Amino acid sequence: MSAEPRGLFESVADERPNFERLAPFLRRGAVFFLLAALFAGFSLAEPAFSSVGNLMSILQAVSVVAILAVGVTISMAVGGFDLSIGAVAASSVMAASYAMVVWRFDVYETVALVLAFGLTVGLVNSALIVLVGVPDLLATLAINFLLTGLQLIPTAGRSIATGLILPDGSSANGVYDPAFLAIGRARLWGFVPVPVLLMASIGVLAFILTERTRVGRLLFAVGGNEIAARLAGARTERLKTLAYALSSGLASLGGVIVAARIGRGDVSSGASLLLDAVAASLIGFAVLAARRPNVFGAVVGAIFVGVLLNGLTMLNVPYYTQDFVKGAVLVGALGLTYGLGRRPA
Amino acid sequence: MTALLLLARGVAKRFGSTQALAKLDFEIESGEIVGLMGANGAGKSTFVNILAGAYPADAGEVALDGAAFRPTTPADAIRAGVVAIHQATDRAGAPGLTVAETLLIDRFADGRSPFFVSPASIRREAKKIADATGFALTLEKDFGDIGAAERQLVAIARALAAKARVLILDEPTASLSASESERLFAILEDLAAKGLAILYISHRTQDLRRLAHRVVVLRGGRAVASFAKPIDFSAALEAMIGRELTSARPDARRIDAAPALSVRGLKLRSDGAPLDFEVRPGEVVAITGPLGAGKSRLLLTLFGVHPVLAGHVELDGKSWPPQNPADAIARGVHMAGEDRRRTSFTPADWPGGTVSASIALPHLRRWFPRGFLVNGVERGHALEAIRRLDIRARGPEARLDTLSGGNQQKVVLGRWQAAPMRLLLLDEPFQGVDVGARADIAAAVRAQSDVATLIATSDPEEALEVADRILTLDASGLRPFADNAAEAPPLSQGSNL
């Protein structure tokens, strides 16, 4: 009986009758069944939906949200919640643009600067949480505010593009490094966008980190019961710092991709990223009925929302219903996870 | 006053494939204190939960005062006069509320109190409740700041304010010291004399001997035996575990090896008494004493959680203690904290919530030096622990919440025995552990021939069962247990201290 292979999210084997065993199966697969149904429906209604080009554009559209969702998921694994990622991504867009347009950095300098910025924010977050003892939601929300404001100061609230007039009256005439723009726009082998590749690599790496390594186990131990983790010898402060650094670092990478795609430092570019990423990671709770933060679920959650929005757009559903659709999906997914997932007492 | 108050006939309850209760018959009269004994999994909690309205029975009848009693919610049960007080008394109130507010919380919740309440009216109403019970409660204190004993009284006072006729207490003395327990017993006897029926669930024969008029033993979901006063506890214990009890206290061994742990002038608080003791390899030393005397703090200090304020500690002749638990574990000092769910386990539905992962938690660095969780390593260690400690679980991948309390505690011990060590610190290792598992754990601890073991327990009976030597810790410091034999509860036969 104990020789059965152990799945990623193991389920409790039981001897209940068939119809009762079907329910957990349906619950575990619910997001995938819905995804398949959406896919079939949209393909029938609009054959262009299932073209490789469109599928890649869906993945490209969700890549930034998926990367941010992986970050939030890691912060949730340690029992926290990183609400600063939206602002980190947005200010990374501004930082990248500023670096190239004003300081005339090249792609390497720019990416290094932005990632360093992200990691620094992660360290500030964890310093507030670990050293000062501010509750995680409050600390990261405060940093979110701080960065949302901070990103406006260097340019006096203007968006950044070549020819930007700086507060001192001079104009900045640096240009975007074409190699930087390629991060958001190039396609490998002619059809895989670089952001999709980044999303896939980060998804795989973060999955391995959280589910298959000792560090991942310890991250979840801290999130599950910090006292028990510490008494088992885990360095809980370091693990939390790692989680917040990863989460902010990934958010700044998301910002790099956004900046490379739009090619200008748009002050409003990060507006919906935080909520979209949080929604994706929460939908991830429903994937495979995991009922806990998990990287795989977060990426699937992001893709799910992307497929839905893309399909609805193709069917000419107005753009302003998008947030409503996302909200409905989230409510549905959480209801499914917690409501139907309740175990008998 | 000896009217039959609560009567249960053929009560059955099934969870999935587990028959938790199978035709249980039970009765209690008003004014009676009935002890309910049973190993973990015998059905005690299920029965209590049915009486308290947490869930309905599948079959059978319960009658209260001659009328059918089928509560559908806890509030329902309380209205009918059946109140269960949970083992974890921190749920009897909430930090941030004062004791007075906690006493009135039922009225706030069911709308009996007016919408607007003034501090003065709360104090007045709460004082009425407290005075009616005769308990000395400090009404203005925050619920989060009062001790376990006082929380217990608050819970009982709430029950009395709700006009309880049947009071159910689940392991009420688990976190009380001997004198606090005695105060509780006096109160319970007083309540019984006033006509309350008290169902008292406990693993502690000492409590039941002191308190119970009658003891009912559950096994396999049935009441298998009932003992009236004078209660034959060895017969009751044998009925409970279904086999003969080898309860003879272990021989105190004399070990002449150099001490593994030596403590000189250690102070737990800056104004505390200096402590001096040593533990030799292979020796099991138990520290008992009232709650708040610093037993846990002593263990946590040796484990590197609290700093050494004064004095000198040596482990194998080298200066100790460490900076933090990680350091302690690296040097072979292991500690299983009090209350396994709080200090040892991660949630069962979270990664790390299985038997094997829980055993592996402190050893991940050693077992997976390259960082990746390789299949089979954890499993091997878990199978070894399951075999050695006779852990009843579906297998290494069983979720912790599918195990009984005794088996969970064995997992905790298995975790720390899974790697070589010099000093094992166990804080209340028998909390919520049935007699059978307790004997297994005691035997496994005593079998560690080159490990020094230090156990903190507030229950002298447990200390007697496991230790070679017993020390008592209180405000005046440490002394051998025998010194205060006059205050100690009656020892079981064969004490050779």
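**Chain B as a whole**

Begin by selecting chain B, which has 18 helices and 20 strands. The radius of gyration of chain B is 24 Å, close to the 23 Å that the globule rule gives for 497 residues, so chain B is as compact as a globular protein of that length. Please keep in mind throughout that this is a predicted model.

**Where the two chains touch**

Now show both chains together and look at the contact, to which chain A gives 29 residues and chain B gives 32 residues. On the side of chain A that touches chain B, the elements that give two or more residues are α8 (214-224) and α9 (226-231) of chain A. The largest share of this side comes from α8(A), with 7 residues. If you colour the side of chain A that touches chain B by class, you will find 12 nonpolar, 5 polar and 12 charged residues.

**A pair of helices in chain A**

Next, select residues 107-132 of chain A, which form helix α4, together with residues 136-150 of chain A, which form helix α5. Two packed helices are described by the angle between their axes and the distance between the axes. Here the angle is about 140 degrees and the axes are 9 Å apart; α4(A) and α5(A) are therefore oblique to each other. The crossing in which α4(A) passes α5(A) is right-handed.

Which residues of the two helices meet? From α4(A) come A:Val121, A:Val124, A:Asn125, A:Leu128 and A:Ile129, and they meet A:Asp136, A:Ala139, A:Thr140, A:Ile143 and A:Leu147 in α5(A). The residues of this contact divide into 7 nonpolar, 2 polar and 1 charged.

**Backbone details to look for**

Most residues other than glycine have a negative phi, and most peptide bonds are trans. With that in mind, go to B:Pro230, in the loop between β10 (222-228) and α9 (233-241) of chain B, where the peptide bond from B:Lys229 to B:Pro230 is cis, with omega near -5 degrees.

Then move to A:Trp189, in the loop between β3 (187-188) and β4 (192-193) of chain A; A:Trp189 has a positive phi of about 50 degrees although it is not a glycine. Is A:Trp189 buried or exposed? With 5 C-beta neighbours inside 10 Å, A:Trp189 counts as exposed.

Back in chain B, select B:Asp316, which is found in the loop between β14 (310-315) and β15 (318-320) and which also has a positive phi of about 50 degrees without being a glycine. B:Asp316 has 16 C-beta neighbours inside 10 Å and so counts as partly exposed.

**A last stop at B:Ser113**

Finally, select B:Ser113, whose place is in the loop between α4 (105-110) and α5 (119-133) of chain B. With 16 C-beta neighbours inside 10 Å, B:Ser113 counts as partly exposed. Leaving aside its neighbours within four places in sequence, B:Ser113 is in contact with B:Leu104, B:Arg107 and B:Phe108. If you then draw a distance from the C-alpha atom of B:Ser113 to that of B:Gly195, which is 82 residues away along the chain, the separation is 28 Å.

Definitions and conventions. Residues are numbered from 1 along each chain as its sequence is written. Chains are lettered from A and ligands numbered from 1 in the order in which they are written. This is a predicted model: local features need pLDDT of at least 70, side-chain atom pairs count only at pLDDT 80 or more; totals for chains, interfaces and linings use all residues. Two residues are in contact if their C-beta atoms, placed from the backbone, lie within 7 Å. Helices (H or I, at least four residues) and strands (E, at least two) are DSSP runs, numbered from the N terminus. Ala, Val, Leu, Ile, Met, Phe, Trp, Tyr, Cys and Pro count as nonpolar, Asp, Glu, Lys and Arg as charged, and the others, Gly among them, as polar. The radius of gyration is taken over C-alpha atoms; the globule rule is 2.2 Å times the number of residues to the power 0.38. Axes are lines fitted to C-alpha atoms, for helices over the stretch in contact, and angles run from 0 to 180 degrees between N-to-C directions. Angles under 35 degrees count as roughly parallel, over 145 as roughly antiparallel, 65 to 115 as roughly perpendicular and the rest as oblique. A crossing is left-handed if the near helix is turned anticlockwise from the far one by less than a right angle, and right-handed if clockwise. A residue is buried if 20 or more other C-beta atoms lie within 10 Å of its own, exposed if 12 or fewer, and partly exposed in between; C-beta atoms are placed from the backbone.
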